[in-house]
Amino acid sequence: MRLSRFLKGSWKPTLLSLFLLVASISYAALPEALEALAPDLILINGKIVTVDKDFSIQQAVAVKNQGIIAVGRSRDIQQLAGSKTRVIDLKGKTVLPGINDAHTHFLGFGLSRPPAALDVSSASVKSIAEIAVMAGRRAKEVKPGEWISGSGWDEGYLKECLEDPGVRHPTCWDIDKQTPDNPVCLVDFSGHNTWCNSKALELAKVTKNTPDPTGGEIVRDSKTGEPTGFFKENAQPLVRSLIPPPSKDQQIEALTVAMREMTAMGVTSITDASVSPELWSLYSDFYRKTFKEGKWTIRVNLLLNWSGDGAAAGKADLEKAFASVGLSTGFGDNWLRVAGAKIVADGIPLTKTAWMFDEYVGGGTGGLAIKGETEQHQYDALIEMIRFLNRKRMQIGVHSCGDRAVSASVDGFVKALREDPWDARHYVIHADFVKPSDLQTMAEYDIGVCTQNQIMSKIIEFMGNIAGPEKSANQWPLGDFNKAGVWVTQSSDTPVVIPNWKQGMENCLLRESMASGKVFGPRHRIPIKEAIRQYTINSAYQDHQEDIKGSIEPGKLADFVVLGEDILTIDPHKISGIPVLMTIVSGKIVFSTDKSIVTLK
Ligand SMILES: [Zn+2]
């Protein structure tokens, strides 16, 4: 590689040190000095999607001391290799910057996976009978009386339900024989339905005489009236609340599982989007343990939620929390840092609790989940909370799904930034529906959106019944955000879904329902390049770290994912199934389908 090309990049300081070093040593020692400057790792013969300003594609990349030192043609980069440089021939495979999932509940994801919970998702089982076998196997491993939990089942993929759609649902009798002595509680993929066995019904004291709680349903046998073990919405806590909370060790194990599994998916950065004071303390234990062991493989950004999770928060809660702990955005390091603070402004569209300007199908507009006697008091309290956190130099993510809640959050951001401006990059979390006139304001004040298109293909078909067909076609309005110049990041909101970012990208391109293949709101489709940006450089921007990650350019951290197919040219319907071959973070191979090359301790 030509020196002149090196000098153009941010490689300059290192190159300068090379000159100084060479100038200060004798001619004979030169090869040794150059050897010391050789890269640790080189990837050649790849299709490297750099996600730089021009979205340029390169063949090779060189890494030293955790960072990228050069990107270019294979034959140029290969010349930089020293005797100790590890050279990996990508054989044409595609490389993206490490994926940054901008909104997760990391502990919740870990707790939804084995060993904490059975994986009864469509990825691992195809029938009720298989789930019964799996629960039976687990019952033999645990003590009698111990709870067995699981999550992810989906009637749309279970053989028995598919043979008799709308009539056949899972029941307690399906799993009783295999689990006579253990209560079993299995939550479906959406979190809106719970399926349990007779032992759990017995412990919950639910009988044919138990009335349905408000907003929930205990499903009953049409002939006998006996509960079938199927609980909908607000009826679920009757069983779920009985499961003892996981111990601290189980929680640390769950975080370890979450880190390992998401690393294998090509994720190198996440935001944990709701960190309570308890979770904050768990993270510090997890960090102490895991980091020392060399097993910390994902950059974690914490969005502190110290005002209660959706349970009507107020400014007093925030003042109390911040009075004892002085924190602001950026505290920590590149592995574990405080991103900012979260406020939960409203509910979710699916349960008609998101705050909307127009009525839902069947009435109601939802409302704010903020403390206050009247709507106006709640609105004022939201604005006050935003102003308070902005003054504390906290970047703020406000959960707002409904267009009216988004509008109120934008009002708060604008007010706070006008009186106290800084490079805050506040953002709206979810933003399912947005009033067109708010888009310009968002762009003007650099207010972003953290959205979850991965969920779209599962629920968009049903949203018409909730918000009306026209509104639902404009849910997740990526086209409008792009047109207005509002920055957007993508995320899974796991454990709502298994965090498959490729499914998220596929949905961004297609906007198709998984159930019928029908397209909803095609004008909000975005091209693959933009979808990649939303999962990489845009998420890095949300993290205030776009100068050190999010693209493959000299001077940035060496975080990559190697894919089994070319994501830029493959049929979009196949993106979700592309295998991840390798994950590299800080230049370390932390996951590989070829286990012999993993450098993780
Ligand atoms: Zn969330």
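Residues are numbered from 1 along each chain as its sequence is written. Local features need pLDDT of at least 70, side-chain atom pairs count only at pLDDT 80 or more, and totals for chains, interfaces and linings use all residues.

Start with confidence. pLDDT is the predictor's confidence in each residue, from 0 to 100. Its mean over the chain is 91, and 93% of the residues reach 70 or more. Residues 1-23 stay under 50. Where pLDDT is low, the predicted coordinates should not be read in detail.

Next, the domains. Their bounds come from an automatic or database domain assignment. Domain 1 covers 117-240, and domain 2 covers 248-548. Their centres, taken over C-alpha atoms, are 31 Å apart. Five residues of domain 1 and four residues of domain 2 make the contact (C-beta atoms, placed from the backbone, within 7 Å).

Now look inside domain 2, at 248-548. Helix α13 spans residues 375-391, and helix α14 spans residues 403-419. Helices here are DSSP runs of H or I, at least four residues, numbered from the N terminus. The two pack at about 40 degrees, with axes 9 Å apart. Axes are lines fitted to C-alpha atoms over the stretch in contact, and angles run from 0 to 180 degrees between N-to-C directions. α13 and α14 are therefore oblique to each other. Oblique is what remains after under 35 degrees (roughly parallel), over 145 (roughly antiparallel) and 65 to 115 (roughly perpendicular). From α13, the contact includes Y379, L382 and I383; from α14, it includes A408, D411 and F413.

Key:
Two residues are in contact if their C-beta atoms, placed from the backbone, lie within 7 Å.
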